[in-house]
Amino acid sequence: MTRASCIPGRKSVREKGKVMISDMYDKSLKAFLKPIRGYLADKDVTEIMINGPEDVWIEKNGRLFKTTAKFTPEGVEAAGRNMAQYVGRVIDDERPRLDARLPDGSRIHVVLPPIARKGCTISIRKFFPGKLTIKQLIDFKSLTPEWARFIDACVITKQNIVVSGGTGSGKTTLLNVVSSLIPNDERILTIEDSAELQLTQDHLVPFESRPPDKHGRGGVNMAHLLHSALRLRPDRIVIGEVRGGEAFDLMQSMNTGHSGSMCTVHANSPTETCRRIESLCLMSDVELPMVAIRAQVAAALNVIICCARFHDGSRRLTHISEVLPLNEKGDYRTQDLFAFTVTGKDEEGRIQGYHAPTGILPTFLPKLQAYGFPEMDESFFDPATYGLEKPPVVAYQEFKVRWTPRLEGGEEQWEPKEMEPDKKNRLEEALQEVLEERDLVPPPMAEEPAVEPDSSAAEKKEEKSEERDSGEEPQAENNDKSGKPRPKIPVAKEGESSKKARSSYVRQLLGNSKTGQAKRPKRMPLGVRTPRRGQASKGDHDQE
Ligand SMILES: Nc1ncnc2c1ncn2[C@@H]1O[C@H](COP(=O)(O)OP(=O)(O)OP(=O)(O)O)[C@@H](O)[C@H]1O
Ligand SMILES: [Mg+2]
């Protein structure tokens with residue numbers, strides 16, 4: 001460390017130099033990208049595609065448009081090279097491709113001519129700091145609350161989840177949303193080629209791979225990072241996109257105690273997803289017979305969520321499927337639990353369709369109920385519950401599919417009946433719950449105010465202490481909204497740590513006592529966050 005950098009607020013010559021260089025690149029990059037500057041600033045433009053100097057396209061509100069923007073041939077190549085310099089990477093005749101992320105988070109890919117036959121080709125996927133939420137995806141009609149609730153249940157019960165789909169179908173966006181459902185008290189390791197995930201949990205360890213330098217040194221790939229992640233005591237491993245031999249290590253880790261892991265993969269249907277992962281496993285150095293790899297893949301994966309980009313530019317979830325064991329011939333089997341069915345197009349060419357459960361019950365249904373999702377009974381998976389028709393699905397003959405009783409054997413046994421109002425209310429509440437922001441940090445302990453704001457409050461306090469002394473239970477104030485008495489705030493007994501006393505209080509609050517049935521903590525309404533763990537414990541220390 002130089003002497004100047006030891007003095008707070010002063011930068012060393014080297015640091016000053018770095019700032020100047022980055023400023024210089026920033027300015028020159030802006031100058032090189034002048035023809036598309038307007039699109040870079042436009043919030044509705046999500047992607048800019050430069051296919052040589054005179055062919056520039058943008059994606060706006062999910063649809064592609066050709067623009068009139070034009071570069072000079074030298075200008076566009078200079079922009080590509082400048083981007084490479086900006087991120088400290090090399091792009092030249094020997095290495096004419098560049099995959100990188102700009103400091104603002106935008107994802108870029110550059111291919112130089114003559115490989116790019118139309119001239120330097122650049123794609124810029126703009127980064128938006130405010131990530132899409134489940135609620136927004138529901139508003140966009142990408143999924144419905146019952147799909148969201150089921151995904152939530154899969155995350156909580158630690159199913160291994162793969163998000164699959166084609167290019168730009170919204171896989172990363174969905175993985176972001178799905179992984180944001182991971183409880184806040186779990187240690188999450190994320191591994192990505194270019195950092196796109198925006199998780200907000202407290203205990204997050206993000207890794208990003210690095211390509212080798214111009215001498216071919218210093219490269220750290222996804223497999224290396226997964227290797228490290230497995231030694232860092234993860235509760236969950238989230239991999240941005242599996243695209244190489246690391247798939248095999250991931251399957252092994254999912255099979256050996258790291259359940260609840262998630263990743264995305266390029267594939268168009270649930271069974272194709274299994275096959276794609278299988279072929280990625282074959283890219284690893286480990287040589288295993290095909291049948292062993294298949295068995296690993298089928299055993300490792302639990303749930304596949306497929307998404308697709310439709311002609312009208314919309315992105316939707318198209319399937320939530322369960323992976324079943326291999327059949328006798330050793331082929332993959334999946335069963336669709338939820339499916340999106342296209343019914344047609346409207347006058348403006350927008351895709352019309354409906355999201356519905358298929359009537360098939362997941363094999364892990366008892367686990368869902370045991371983990372505190374009592375509304376997930378047979379009627380939850382019956383499309384008639386939501387006033388929908390059974391979507392056309394193919395069920396395997398050789399596998400004993402469990403249908404909801406009304407759809408036994410895939411055929412309607414009786415007309416749907418009206419749901420009892422009580423049950424309907426409970427279901428609605430459960431569906432609403434997933435729209436609320438998850439924060440499983442227990443609410444902070446109620447504190448007695450240190451200074452009474454006025455004398456009447458002081459009098460009330462005195463009254464309260466008299467009540468306590470007289471052994472009488474205080475009335476309504478200690479009851480919750482439903483009128484049930486709240487558990488008392490604990491005072492640590494002699495020899496008992498205050499932490500132990502607090503945790504037993506939280507258990508009582510959540511109804512999670514050893515004897516009682518496990519209940520999930522109530523989430524805070526949307527937009528209202530309970531303080532983060534650090535803040536809560538700070539307050540507790542202060543109290544102590
Ligand atoms: N449900 C959605 N509704 C509307 N727009 C969406 C939705 N999901 C994603 N998008 C938008 O689509 C674009 C592509 O999304 P995303 O990066 O998640 O796709 P991807 O499948 O991961 O792409 P790639 O295969 O290139 O990695 C982004 O601009 C994103 O904001
Ligand atoms: Mg992606």
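User: What helices and strands does the chain have?

Analyst: The chain has 16 helices and 15 strands. The model is a predicted one.

User: How many of the residues are buried?

Analyst: Of the 544 residues in the chain, 31% are buried.

User: Where is Asp55 found?

Analyst: Asp55 is in the loop between β1 (45–51) and β2 (56–60).

User: Why does Asp55 count as partly exposed?

Analyst: Asp55 has 16 C-beta neighbours inside 10 Å. A buried residue needs 20 or more, and an exposed one has 12 or fewer. The value of 16 lies in between, so Asp55 is partly exposed.

User: What separates Asp55 from Ala69 in sequence and in space?

Analyst: The two are 14 residues apart in sequence, and their C-alpha atoms are 7.7 Å apart.

User: How do α9 and α10 pack, and at what angle?

Analyst: Helix α9 (residues 246–255) packs with helix α10 (residues 270–281) at an angle of about 110°, and their axes are 6 Å apart.

User: Why is α9 called roughly perpendicular to α10?

Analyst: Angles of 65 to 115 degrees count as roughly perpendicular. The angle here is about 110°, so α9 is roughly perpendicular to α10.

User: Which residues make the contact?

Analyst: From α9 they are Ala247, Phe248 and Met251, and from α10 they are Ile277, Leu280 and Cys281.

User: What makes the residues of this contact nonpolar, polar or charged?

Analyst: Ala, Phe, Met, Ile, Leu and Cys are among the residue types that count as nonpolar. The contact of α9 with α10 therefore divides into six nonpolar residues, no polar and no charged.

Key
Residues are numbered from 1 along each chain as its sequence is written. Chains are lettered from A and ligands numbered from 1 in the order in which they are written. This is a predicted model: local features need pLDDT of at least 70, side-chain atom pairs count only at pLDDT 80 or more; totals for chains, interfaces and linings use all residues. Helices (H or I, at least four residues) and strands (E, at least two) are DSSP runs, numbered from the N terminus. Axes are lines fitted to C-alpha atoms, for helices over the stretch in contact, and angles run from 0 to 180 degrees between N-to-C directions. Angles under 35 degrees count as roughly parallel, over 145 as roughly antiparallel, 65 to 115 as roughly perpendicular and the rest as oblique. Two residues are in contact if their C-beta atoms, placed from the backbone, lie within 7 Å.
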